[in-house]
Amino acid sequence: MAVTTHDSELLALFRNQSTKESAFTAIIKKYQERLYWHVRRMVIEHEDANDVLQNVFIKVWNGLENFREDAQLYTWLYRIATNECLTWMEQQKKRTSVSFEEESANLENKIRADKHFDANKLEWKLQLAIQQLPEKQRIVFSLRYYDEMPYEEMSRVLETSEGALKASYHHAVKKVEDFILNH
């Protein structure tokens, strides 16, 4: 298969039985790193991120044939990844039956346990601040701040109005600023 980077070409190749697997491999190569970091910011640990990402790609493989292309492939992949993160976080809560505050503390402890952790460095303070946010604000903040996703696209990924997303992001930014200034 010739190297191609256009999603429409990759999707056409995926729908052809003889090029299906190589097209899927090309899609994974194209989006794997961005999806990995999106997932990693949600679940924190590398091993958990890899597990979630594996589930994402299984769902993509199973659903790609029916992808109607009324959204960008990237948007569709992010929606699946976000939903898988939410499912994973929900399973973690059920497994440990802890409150939101306890789960935030657990994620904070995972960050602090990293061998490179330095509480005086801004990037670590930012990570700790993000973990204090409610789940939805954490997702919105991550998509906007790290992935620089436009609100319009975020609206399609999260199936929420742009206005609600802007409000969530605004509240998240205020909470993150407050945490960084006071901790």
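This report describes a cavity, a helix and the aromatic pairs of a predicted model.

**Cavity.** The structure contains one cavity of 30 Å³ or more, and the volume of the largest cavity is about 30 Å³. Its lining is formed by Arg 41, Met 42, Gln 127, Ile 130, Gln 131, Arg 138, Ser 142 and Tyr 146. Helix H2 (20–43), helix H6 (122–131) and helix H7 (135–146) each contribute at least two residues to this lining. Sorted by class, the lining comprises three nonpolar, three polar and two charged residues.

**Helix H9.** Residues 162–182 form helix H9, which has 21 residues and spans 30 Å from its first C-alpha to its last, close to the 30 Å expected at 1.5 Å a residue. Buried residues of H9 are Leu 165, Ser 168, Tyr 169, Ala 172, Val 173, Val 176 and Phe 179. They lie on the same side of H9 because they cover an arc of only 135° around the axis. On the face turned away from this buried side, Leu 181 and Asn 182 are exposed.

**Aromatic pairs.** Eleven aromatic pairs are found in the whole structure. Two of them are compared below.

| Pair | Centre distance | Plane angle | Type |
|---|---|---|---|
| Tyr 36 and Trp 37 | 4.9 Å | 85° | edge-to-face |
| Tyr 74 and Tyr 78 | 4.6 Å | 50° | tilted |

Tyr 36 is buried, with a relative accessible area of 11%, whereas Trp 37 is partly exposed at 39% relative accessibility. Tyr 74 and Tyr 78 both belong to helix H4 (residues 73–96) and are four residues apart, about one turn of the helix. Tyr 74 is buried at 10% relative accessibility, and Tyr 78 is buried with a relative accessible area of 1%. Elsewhere, ring pairs join Phe 141, Tyr 145, Tyr 146, Tyr 151 and Tyr 169 into a cluster.

Methods
Residues are numbered from 1 along each chain as its sequence is written. This is a predicted model: local features need pLDDT of at least 70, side-chain atom pairs count only at pLDDT 80 or more; totals for chains, interfaces and linings use all residues. Side-chain values use heavy atoms; hydrogens and water are left out. On a 1 Å grid over the protein atoms alone, a cavity is a set of points where a 1.4 Å probe fits but cannot get out, and a pocket is an open set with protein on both sides within 12 Å along at least five of seven lines; lining residues have an atom within 4 Å of a point. Grid points are joined across faces, edges and corners, and a volume is the space filled by probe spheres set on the points. Ala, Val, Leu, Ile, Met, Phe, Trp, Tyr, Cys and Pro count as nonpolar, Asp, Glu, Lys and Arg as charged, and the others, Gly among them, as polar. The expected span of a helix is 1.5 Å times one less than its number of residues. Buried means under 20% relative accessible area, exposed over 50%, partly exposed in between (1.4 Å probe, protein chains only). The arc is that of the directions from the helix axis to the C-beta atoms. Rings of Phe, Tyr and Trp (its six-membered ring) pair if their centres lie within 6.5 Å; planes under 30 degrees apart count as stacked, over 60 as edge-to-face and the rest as tilted.
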